[in-house]
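Subject: Structure for you to look at, with notes

Dear colleague,

Here is the structure I promised to pass on. Please open it beside this message and read the notes with it in view.

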Amino acid sequence: MQSSSFLKYDTCVTQPVEKNCIQQSHYTMLDVTEKADELYQTYKINDLYNYLTAYKEIENDEILWRLARVTHDKAKYEKDKHKRHNIMLEAFSYAEKALELNPNSAHCHRWYAALLYFTTEGIGVKHKIQSAFKVREHFDKALELDPDDVISLHSIGYWCFALAERPWYQRKIAATFFAALPETTYDEALEWFMKAEKIQENFMCTNLLMIGKTHLKLHNKEKAIEYLQKATEFKVRTPDDEESHKEAVEILKHMGHGHLLKSCLHIDPS
């Protein structure tokens with residue numbers, strides 16, 4: 001992901017980290033974020049989480065949104081539902097603080113929106129839909145600040161897909177609390193997914209899966225197969241990749257196209 005312009009400044013870390021003996025005067029914010037990005041590129045999630053939590057008390061949005069991101073990724077590996085939710089809440093606290101520090105950062109708006117969505121797990125329909133408006137608002141702001149933000153483009157597509165798929169009775173319940181609900185369609189969702197794909201092809205397995213699923217909803221069977229097959233051939237690196245890969249495999253098998261599957265799972269050795 002692109003770094004914001006303020007990283008060009010060599011701002012020294014002078015605050016002591018709570019219960020940590022790191023000699024921070026030897027570091028700059030640029031040093032810390034470059035090291036963090038290096039660890040993220042190799043997807044060493046636990047190492048990166050441990051590295052960045054040493055700096056969590058420092059009021060710097062570039063540190064905090066990265067900490068929010070890796071804590072979110074750490075949560076995805078947690079099998080226990082209650083523990084996973086608590087880790088997501090921890091991640092959201094970092095994103096919330098980052099956004100307070102820099103409301104003009106696309107990264108901060110993106111991770112605030114993404115983590116706000118995850119913190120709604122298990123809550124009632126009213127609060128979930130109420131949060132949906134806020135989620136969309138922050139993804140829109142992220143795109144205003146960075147129009148090429150493929151994660152936000154994908155996320156708005158997913159947002160549109162989820163609302164288009166919402167059962168009528170949930171929409172009826174929601175209408176009792178809100179004057180106007182957002183009207184979305186599968187065509188709109190597809191448009192957002194394809195915008196992201198046009199900017200960065202094959203950047204995420206889940207985007208390929210969602211393009212395939214949206215084409216299915218629109219009865220474009222050939223296009224659906226094309227993108228579902230791409231999802232099955234994507235090199236898996238993250239829990240989201242693995243989940244999306246498996247779902248694409250199951251959909252293709254259900255459609256009677258299991259013969260298109262080249263292998264069971266493509267694991268990225270890196």
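This is a predicted model: local features need pLDDT of at least 70, side-chain atom pairs count only at pLDDT 80 or more; totals for chains, interfaces and linings use all residues.

Residues are numbered from 1 along each chain as its sequence is written, and side-chain values use heavy atoms, with hydrogens and water left out.

The secondary structure of the chain comes to twelve helices and zero strands, where helices (H or I, at least four residues) and strands (E, at least two) are DSSP runs numbered from the N terminus. Of the 270 residues in the chain, 47% are buried; buried means under 20% relative accessible area and exposed means over 50%, with partly exposed in between, using a 1.4 Å probe and protein chains only.

The largest nonpolar core has 71 residues, and L48, Y51, L52 and L115 are those with the most contacts inside it. Such a core is a set of buried Ala, Val, Leu, Ile, Met, Phe, Trp, Tyr and Cys residues joined through side-chain atoms within 4.5 Å. Helix α4 (residues 81-101) gives the most to this core, with eight residues.

Helix α4 has 21 residues and reaches 31 Å from its first C-alpha to its last, close to the 30 Å expected at 1.5 Å a residue (the expected span being 1.5 Å times one less than the number of residues). Its buried residues are I87, M88, A91, F92, Y94, A95, A98 and L99. Seen down the axis of α4, these buried residues fall within an arc of 165 degrees, so they line one face of the helix; the arc is that of the directions from the helix axis to the C-beta atoms. On the other side of α4, H82 and E100 are exposed. At the start of α4, a side-chain oxygen of D80 reaches to within 3.1 Å of the backbone nitrogen of H82.

Two single residues complete the notes. W65 lies in helix α3 (residues 61-77) and counts as buried, at 1% relative accessibility. The C-alpha atoms of W65 and Y112 are separated by 8.5 Å, although these residues are 47 apart along the chain. S131, in helix α6 (residues 125-145), is buried with a relative accessible area of 16%. Leaving aside neighbours within four places in sequence, S131 is in contact (heavy atoms within 4.5 Å) with L116 and T120.

With best wishes

Notes:
A polar contact is a pair of N or O atoms within 3.5 Å; within protein, one must be able to donate a hydrogen and the other to accept it, and residues adjacent in sequence count only if both atoms are side-chain atoms.
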